[in-house]
Amino acid sequence: MPTSTLSPAALARLRDARFDDPGAISAAWSARTRRPIGGSDSRLFIVAADHPARGANKVGDEPLAMADRADLLERLATALARPGVDGVLATPDILDDLAFLGCLENRLAVGSMNRGGLAGSGFEIDDRFTGHTAAGMARDGIDLAKTLLRISLGDPATASALEANAHAINACAEHDIPVMLEPFLSEWVDGKVRNLLTPEAVITSIGIAQGLGTTSAHTWLKIPVVDDMERVLAATTLPTLLLGGERSNDPEATFRSWEAALALPGVRGLVIGRSIVYPADGDVAGAVDRAAALVHGSERATA
C-alpha cells in the first residue's frame, strides 16, 4: 500500500534525484507494480490533479491553492493510500513525483495529454497536446490516457482541436491504451470560455467525441453530471466516468447527484479533483472515503 504521509526526507530525496539522478524517475516507473484496470468490480475512482499545468490553480476563494507542490503531493499521497481509490490523473511532472515516492504501487496512473489551452487565455479552445504522448505512456507503463475537448462552434480553433484529439485516439489505440475523452460544448462569454452544462449540450458533445478516430475500441468518456443523466447516458455505449468539477458550496447535494448518476447503465465510476483533494473542511481522507464508498460500496471502500 502507498504511504499516507510524505516526510520532509522523502521530498528531499525527490528533489536531489531530480538534480543528481534523473534516471531514478525512469527506474521508478520500471519497478512499479501495476494492476488490472478494472479491478475486482469493474468500477473506478480516480483522483484528478492535472489542473496546474493548464494554469488552473484556484480552489474556492484561493487563487493559488494547488500551487504548493509539496502540499499537493501530500494530499494525493493521502488519497492514494485510502481503500477504494484506484488511481490518479495527472501530468508527467506530478506522476513522475508520485512514481518516485512509491505512491503508485498497485494504483492506476492516468496521463493527461493536452494542457495547452491555458485557462483564461485567448487560445483556450486551441488545446494543444503538450503533456503525455501515447508512446511515452506505453514506455512508462501508464495505464490510461485523458484528453480535454472544448467544442466551440464559433471558434475556428475547434477544427484543429478535433483533429488533434482524433490523432491522440488513434495513437492510444495503437498502443492499447484506453483514452478518456472529456468533451464539452463551449462558448465565449465576455472573453472567457464557458462550458454548456445542459443535457442537450452534453449529449451533443458525446456524439461528436465518440465519433473521433479510426476506432472507438479504446475510447472512454469523462462527462459532467447534469440534469436528466438517464437521457445523457443513453447517447453512448462507451465506458463512462463522471467528472467532479469545481468544489461546490453544497457538497451534500453534489454527493447525492454523484450517487444517483453512478447507478445508471454504462457509468463505471468517478474522476474527481479539487472537491476531493481540497475539501472545504480540510479532511482529505474523509472526503475520499465517502466518494470511494459511492463507487465501490462501503464494504470494499473500507477494506
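**Pockets in the predicted model**

Six elements, β4 (144-151), β5 (179-189), β6 (192-195), β7 (219-224), α9 (251-262) and β9 (267-272), each contribute at least two residues to the lining of the largest pocket. The model examined here is predicted. Among these elements, β6 provides the largest share of that lining, with four residues.

The largest pocket holds about 1,200 Å³ of space. Its lining comprises 43 residues. Nearest the centre of this pocket lie Arg 54, Asn 195, Gly 245, Glu 246 and Arg 274. By residue class, the lining of the largest pocket contains 16 nonpolar, 13 polar and 14 charged residues.

The second largest pocket was then considered. About 260 Å³ of space lies within the second largest pocket. A set of 16 residues lines it. Pro 251, Phe 255, Ser 275, Pro 279 and Ala 287 are the lining residues nearest its centre. Two or more residues of this lining come from each of α9, α10 (274-277) and α11 (284-296). The largest share, five residues, is supplied by α9. The lining of the second largest pocket divides into seven nonpolar, four polar and five charged residues.

In the largest pocket, α9 gives at least two lining residues. In the second largest pocket, α9 gives five.

Technical notes
Residues numbered from 1 in each chain as written. Predicted model: local features only at pLDDT ≥ 70, side-chain atom pairs only at ≥ 80, totals over all residues. Heavy atoms only, no water. 1 Å grid on protein atoms, 1.4 Å probe; cavity = no way out; pocket = protein on both sides within 12 Å on 5 of 7 lines; lining within 4 Å. Points joined across faces, edges and corners; volume = space filled by probe spheres on them. Nonpolar A, V, L, I, M, F, W, Y, C, P; charged D, E, K, R; others polar.
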